[in-house]
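Please examine the sequence and the structure shown below before reading on.

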Amino acid sequence: MSTTLPTRTEQDAEKPTGELVLRDVEKSFGVGENRVTAVDHINLTVKPGEFVTLLGPSGCGKTTTLRMIAGFESPTSGSVLLDGEDMLRLTPDRRPMAMVFQSYALFPHMTVFDNVAYGLKLRKVPAKQLKEEVGFALASMGLTALADRAPNQLSGGQQQRVALARAMVVKPKVLLFDEPLSNLDAKLRVQMRLEIRRLQRLLGISSVYVTHDQDEAMSLSDRIVVMRSGRIEQVGTPDEIYRTPESVFVADFIGRANFLDVSEASTSSREGHADITVLGQRMSARAHRDAVAAPESVLLVRPEAIHVRRFAEGDDKVAGNHGRVLNAVFYGESVEYEIETEVGTIVAVVSDPVYEEIVPVGDLVGISFDPERAWLLPAAS
Amino acid sequence: MTISNATVPRARRFSLRSRETPLDLTTRIAVVLVVLILGVLIVLPLVNILSSAVSEQGLAVFNSMFSSVNLQVLQNTVVLGVLVGAIGTVIGFLLAYVQVRLEFRGKKLLHLLALLPIVSPPFAVATAVITLFGRSGIITRDLLGITPTLYGLPGLTIVLSLSFFPAAYMNMLGLMRSLDPSLDEAAASIGANKWRTFVTVTLPMLVPGFASSFLLLFVEAIADLANPLVIGGDFTVLSSRAYIAITGEYNVGAGAAYSLVLLLPGLLVFLIQRYWATRKSVVSVTGKPAGRPAVITSIPARIVLLTLSGLLALLIVTIYATVIVGGFVKILGINNEFDLSHYRYVLSGIGSDAMITTTVLALIATPIAGVLGLVIAWLITRKLRRGRGLIDFLGMLGLAVPGTVLGIGYALTFNKPLGFGNVAILPALAGGGAVLGGAIAIVMVYVIRSSPSGQRSGVAALQQIDVAIDEASASLGASGVTTFRKVTLPLIRPALLSGLIYAFARSMTTLSPIIFITTPQTKIMTSQILSEVDAGRFGNAFAYCTILIVIVMSVIGLLNLFVRDSSVPKAAGLSSATIN
Amino acid sequence: MKRIHAAAGATAMSLALLMSGCAVTSTDSGDNGSTGSDELGGSITIACGAMEDWCQAMTTAFTAETGVQANFVRLSSGETVARLDAARDNPEFDVWHGGPVDGFGAARDAGLLEAYDSPNAAAIPDKYKDADHYWTGVYVGALGFCSNTKVLDELGVDVPDSWEDLLDPKLKGQISTAHPSTSGTAFTTLWTQVTRLGGEEEGLEYMKKMHNNVLQYSKSGTAPGQIAGRGEVAVGLVFSHDCVKYQEEGLTDLTVSFPKEGTGYEIGGVALVKGSKNKTAAQAYIDWTLTAEAQNIGPTVGSYQVLTNPDAAVDDRMVKLEDVEFVDYDFVAAAAAKPGLTARFDAEIAAQPKE
């Protein structure tokens, strides 16, 4: 049996472990004209104990990247380092990582207990200790009662928990997740991601998580890596991604967005701001550093930042700051307006509405927002 | 041939909703027809054989079953079955593994080679093996200078393993293709290297496949009649014993009794395999298998695997090359002069009669078997509740019953007109005095032997189709039959095709059931080949075999063209797992 | 759309089924029961016990000469009796032609044959005829050893010239003979032992000893010659004319020899099947087979049996009966003993493991 699997003493060392570095990693297929690049020179560092999510639409390269970290794919160029050690010369079974799969991949011919014990058996953990550790892992997942069941007797959520337990019990330096919750129903998904996050925090294992679901990304991650067409669009905390997206793509991908046309953009005296004219008004809004220099820019205003008020008689009809209600959808905790203005359709969300005060379709409304909650971006090219 | 996991409809992902509404008229008619057909085609002959076996002569055999001679025969039979089952399964697994887990040039060719024995009559291999590896075999004596004795258990084992392994191959291939590749990755991700993964994850999941292949090959081996006659030496097995009893001693009761002893293990194995294998279907439990299995790249592993499969492929090629060449030379191995007299013999007179008759009868039986199998499959997956298990079982009997048993049963049942008292319901259908020269009985045998395969493929394919599709069609106004025609049928076309191909190949190459019911007017190719081989006229036999192989392959090619409609997109899930 | 194809296909198939009946049955033995007429017509089916090409030549010649369609099925002696018995109520054959008359005797005893004294039978010597006219002999063959000289050389064994030679341990697994139940040739061998050794027990005893040297029992009586010719075994037990035929076909290592203790012989017979559907034509066929002209067809297809009609040609390749030592073969007794003896053989010898 190889000795490159991490022994238990290494795990207990004081030095924080689990720093994963991807340097200039590329994955391409084919040659010449037919060359397809799935992952295009990405650079990423996952700090020890950090939870990083690779987020993006299908085909953006996130799964390929994950599989290259795991060792199931080899990069065309670039390097993958774990705590300074080159991972590329190790086959997947020798990398101190463990992966949780979308299809759970439980061994159908083994019981839950045996599934979880599998990795420990490989490492020749003595029987008594094995039983303890497996028991503990099962307990922490609430699976103790199911220990003797076969996988096909479990629900989806239970199976995923077994998969999780199986990966965690071998105390890997890095945990890899390949869209593990996609096959579960909505409510279960929410439950499970809380579980995953709780456990990860408890164990402090660096984790790389792949998903296309932004809610998952937002709720789980320390940092999110937004990817598109093999490239990293932005790396940042959920807050950074949400409030200060690097591009229209990122802004649009996370949450909902209104992009308002802007004119007369100029540098402002205030740092990180720009002076613009929008909706017929001049204001100073927060701005991306490249926004003013860009040939065109747009203003990102999230729907929840838009104030909507009934247009009363005699209100000042300043060009742009009003519109007509196209649609008003009542969701219970909020009402969503679709408003037609001279600069396009704007979506506004009002929380905790008073039902009687909902503006009916066809009525005129006034629109306004706080410039501090807006964000000026270079327009998509 | 292959008895896969999906024979009994079970509540799976697409659950079979209970039918509380009474069956409509068309369906009821279908059920009655099916029962009638199955009754005449399989139940009646079986009943007759049973009653003959418990006649005076038959009972005498049973009583002497534990005499030393008969016990030896019994033992021989079991030993042969076990050996062939094991070796054939190993060969089939090796080739399937190489197909799925290795990348190399010539993969497709290897696949075709592995299927070659399906389209050839069973003793093509035996005859070639004798010519190549016999006392004065081309390879053994001329090349290697050794003179092994092939007649008897060694030769039988080799020949039967080589003839029947394709069933194991297809079985294992389908199974391996449906394995979830992420299982291997999961094991690797927590530290198992390729070998450990293979031993602790892959192999255990293939156990049902190994078991069903073994059992299948066991039954085929003990039921085979042709090869023991040709290369059996003095290694008597139950099937050849039964044959001698009937054609030599004219003791039908004894022959029936011997055949009955054959029937029991066959049926038992069939039942075990059905209920045990379906219960433990562990191929993939959840989600969709994503991606393809990892390819083996380790050089030593590649060398070992490729060498072994290469040797096997070489063996198969040599054997069939012998068959082809042997038809064109005077006496292969002794006098290698180019000679067309064998082909002249085969293509004229009796030879061409046999060719045409066999092909025509097989062509007639094929669509009937295909339709019958499909209708039964449709009834048991979609329509029936209570009778489901029984009809399924009866439908599969044609294959579970050893060929010899079937043949004797048919001879007993249909040699005379059938009727109650003095009223004849059916005229004699088999044997010398039969209507149409006994052709009808032969077609019946062909049908009942090959419809089980269509039934099985049909069941597997239908189970993959969500019942909701049927219901959607109904809610839009289509009747049961219309839905079947326009919605179901196109989706199960691959299953239908494979059922037809199998039916034709099987009918053309089968010997044991029809050997007892050929008549002067109805000459069947396989029976003719056996005479040639037995008389030692290998050249003629080779020529016959070659022509038979050519006919089967041509018809399969035609069937592929006719039934396949490229405008129907390949439905998800209806992959080659259903084709066998 | 596909359904139309399928329906058309089904109709075509049904038509084909009906037509196949016609194609398959080049003759329909059901519709020529002309019992009283003198006209020769229709067709007859022959159960033929000699080699396939001999049967083919005979039936073709008869058809050419008389216009009666003659079909044949090549069957070993035991198979013929079995088939005749199975179809007793509805005979599929009209004539049994060729094959040792031991089997004919068994068939007669079972009531499957009809006596017919052909006018042409007068020419045939009495010793080759059944006293009660149930069968008439058409050829004679001597049972002998058909040995492969090359293999014998390799084994260091001389060409056998006695039955005892066959028991030589050096010949273990080197003898090929057929199964007495299915093959007349092999039964002749068996009965020869009974006759020369003085009883059934003694005969079976010899066969038991020889069993240890036998490779396997073939179904057809002539196969042992081929097997020896190809070098699979050293000695095949066949009628000498079959051995000569194989020599001619190219198996040049073969040589014929006879046991000095005396050997058996066969009379190839022809007989009328009881209940034949075309008796007139059947009888005409039998008449024809007894003519020198018909018998001379034998050598033309490489069959070198000695012919019973004194006017038939004598070929160099035929054995000279006067040069061979024969045992006093009692065909009647042989026929009577056949069922019991072969059953005993099956039970006591055939399936036994070799020592």
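**Confidence**

The structure is a predicted model. For chain A, the mean pLDDT is 88, and 93% of its residues reach 70 or more. Over residues 1–8 of chain A, however, the pLDDT is below 50; beyond near neighbours in sequence, this stretch has eleven contacts in the model.

**Strand pairs in chain A**

| Strand pair (chain A) | Bridges | Residues opposite each other |
|---|---|---|
| S12 (residues 263–267) and S13 | three | A:Ser266 and A:Asp275 |
| S13 and S14 (residues 281–286) | six | A:Ile276 and A:Met283 |

Strand S13 of chain A, residues 273–278, has two faces: A:Ala274, A:Ile276 and A:Val278 make up the covered one, and A:His273, A:Asp275 and A:Thr277 the uncovered one. S12(A) and S13(A) form a hairpin with five residues between them, and A:Gly272 in the turn has a positive phi of about 75°. The hairpin of S13(A) and S14(A) has two residues between the strands, and there A:Leu279 takes a positive phi near 50°.

Chain A also holds an open sheet of five strands with antiparallel pairing, in the order S16-S20-S17-S18-S19. Which strands stand at the edges of this sheet? They are S16 (306–310) and S19 (344–351) of chain A; each has a single partner strand, so one side of each is left without a neighbour in the sheet. From one strand to the next, the twist averages 40°.

**The largest nonpolar core**

The largest nonpolar core has 385 residues, of which A:Leu299, A:Leu376, B:Val129 and C:Val95 touch the most other members. Helix H15 of chain B, residues 350–383, gives the most to this core, with 17 residues. Leaving aside neighbours within four places in sequence, A:Leu299 is in contact with A:Leu260, A:Val262, A:Ile276, A:Val278, A:Ala285, A:Ala374 and A:Leu376.

**Where chains A and B meet**

The contact takes 29 residues from chain A and 21 residues from chain B. On the side of chain B that touches chain A, helix H8 (181–189) and helix H9 (194–223) each supply at least two residues. H8(B) gives the most to this side, with six residues. The residues of this side divide into eleven nonpolar, six polar and four charged.

**Local features of chain B**

Is B:Leu150 buried or exposed? A residue counts as buried if 20 or more other C-beta atoms lie within 10 Å of its own. B:Leu150 has 24 other C-beta atoms within 10 Å, and is therefore buried. B:Leu150 lies in the loop between helix H6 (138–144) and helix H7 (153–177) of chain B. Leaving aside its neighbours within four places in sequence, B:Leu150 is in contact with B:Val129, B:Ile130, B:Phe133, B:Gly134, B:Gly155 and B:Ile231.

Helix H22 of chain B, residues 525–534, is mostly covered, with nine of its ten residues buried. Among the buried residues are B:Met525, B:Ile529, B:Leu530 and B:Val533, as well as the residues B:Glu532 and B:Asp534. Just after H22(B), B:Gly536 takes a positive phi of about 85°.

Conventions:
Residues are numbered from 1 along each chain as its sequence is written. Chains are lettered from A and ligands numbered from 1 in the order in which they are written. This is a predicted model: local features need pLDDT of at least 70, side-chain atom pairs count only at pLDDT 80 or more; totals for chains, interfaces and linings use all residues. A nonpolar core is a set of buried Ala, Val, Leu, Ile, Met, Phe, Trp, Tyr and Cys residues joined through C-beta atoms within 7 Å. A residue is buried if 20 or more other C-beta atoms lie within 10 Å of its own, exposed if 12 or fewer, and partly exposed in between; C-beta atoms are placed from the backbone. Helices (H or I, at least four residues) and strands (E, at least two) are DSSP runs, numbered from the N terminus. Two residues are in contact if their C-beta atoms, placed from the backbone, lie within 7 Å. Two strands pair if DSSP finds at least two bridges between them. Axes are lines fitted to C-alpha atoms, for helices over the stretch in contact, and angles run from 0 to 180 degrees between N-to-C directions. Ala, Val, Leu, Ile, Met, Phe, Trp, Tyr, Cys and Pro count as nonpolar, Asp, Glu, Lys and Arg as charged, and the others, Gly among them, as polar. pLDDT is the predictor's confidence in each residue, from 0 to 100.
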